[in-house]
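I opened this notebook page to keep track of what I looked up, one topic per entry. The entries follow the order in which I went through the model.

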Amino acid sequence: MKRDQNSVKVIDSHAHLQDPRFASDVDQVIERACEGGVEMMICVGYDLQSSRDALALAGRYPQIRVVAGVHPHDAKSMNDQVLSELWELGSDPKVVAIGEMGLDFYRNLSPVEDQKKAFRAQIKLAQELRKPIVIHDRDAHAQVLSIIKEEKAGSNGGIMHCYSGHLPLAIELIKEGFAISFAGPLTYSNAKKSVETATRLPINKILIETDCPYLAPQSHRGKRNEPLWVWEVAKKLAECQKKSLEEVAYITANNTRQVFRI
Ligand code: NI
């Protein structure tokens, strides 16, 4: 999908380009995205090393910004040393937010208590750095929301990434200072709940993302996902919001810049 220079561009607000699955062809993947009208990609870390790798990539590509943090899966690796290194990383101007952080009670790869501790610690870190946060929530809606409220986690803004929940929770999160980001699952044929949410939320609170290499959109389902395919999410969102693709691309890109202050 090549687009001419003057056409509207889009931002992929959540990608893992440092993932080993991109190791052999990340340059081509980024080039395809840029040629296809993806003006910026937010490369998200899930532990210290992947956050450093994301920063290295951002050093090579001005189109890349970084989110540095420890994923709930890796929460058991969190300690004071990790936290202070994260503080260093988080101070880099190319690091536009802290995350992805949160709770994942679906896979439970780290003990629940470790997940909660790492989540709270990173919220505090982001508050010290005055940066927004990127939240991962899987099967932990109530607990995520109560920690957000207790810690005033939205004080510098933030994003609920890869949202697939109900409208009322999304509205609650917006009240707490968060934007809602949709990924490939919005395009799946069984995405009734997400579609309903994406239809009724105010467009100025919506971001789009790929979460690549995961969650390829319906038309590429089962394959390795990549930033170019964020257009598929934009298309579906345009359908939901009854707006043109150009409008949705323009508005969501603006929203992304606003949240990350870029
Ligand atoms: Ni992710």
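For the metal entry I took as donors the N, O and S atoms within 2.8 Å of the metal (3.2 Å for Na, K and Ca), and since water is not among the atoms, sites may look incomplete. This is a predicted model, in which local features need pLDDT of at least 70 and side-chain atom pairs count only at pLDDT 80 or more, while totals for chains, interfaces and linings use all residues. Residues are numbered from 1 along each chain as its sequence is written, and side-chain values use heavy atoms, with hydrogens and water left out.

**Metal site.** I found the nickel ion coordinated by His-14 (NE2), His-16 (NE2), Glu-100 (OE) and Asp-211 (OD), at 2.1 to 2.3 Å. I noted the sequence spacing of these donor residues as H-x1-H-x83-E-x110-D. The site links distant parts of the chain, with His-14 in strand β1 (residues 10-15) and Asp-211 in the loop between β8 (206-208) and α8 (230-241), 197 residues apart; strands (E, at least two residues) and helices (H or I, at least four) are DSSP runs, numbered from the N terminus. His-14 has 1% relative accessibility and so counts as buried, and Asp-211 is buried too, at 8%; buried means under 20% relative accessible area, exposed over 50% and partly exposed in between (1.4 Å probe, protein chains only).

**Sheet.** I traced eight strands in an open sheet, in the order β1-β2-β3-β4-β5-β6-β7-β8 and with parallel pairing, where two strands pair if DSSP finds at least two bridges between them. The edge strands β1 and β8 each pair on one side only. Between β4 (residues 95-104) and β5 (residues 133-138) I noted five bridges, and Ile-98 has Ile-133 in β5 as its bridge partner.

**Aromatic pair.** My search of the whole structure gave one aromatic pair. The ring centres of Tyr-163 and Phe-182 are 6.4 Å apart and their planes stand at 85°, so the pair is edge-to-face; rings of Phe, Tyr and Trp (its six-membered ring) pair if their centres lie within 6.5 Å, with planes under 30 degrees apart counted as stacked, over 60 as edge-to-face and the rest as tilted. Tyr-163 lies in the loop between β6 (158-160) and α6 (167-175), and Phe-182 in strand β7 (residues 178-182), 19 residues apart. Tyr-163 counts as buried at 5% relative accessibility, as does Phe-182 at 0%.
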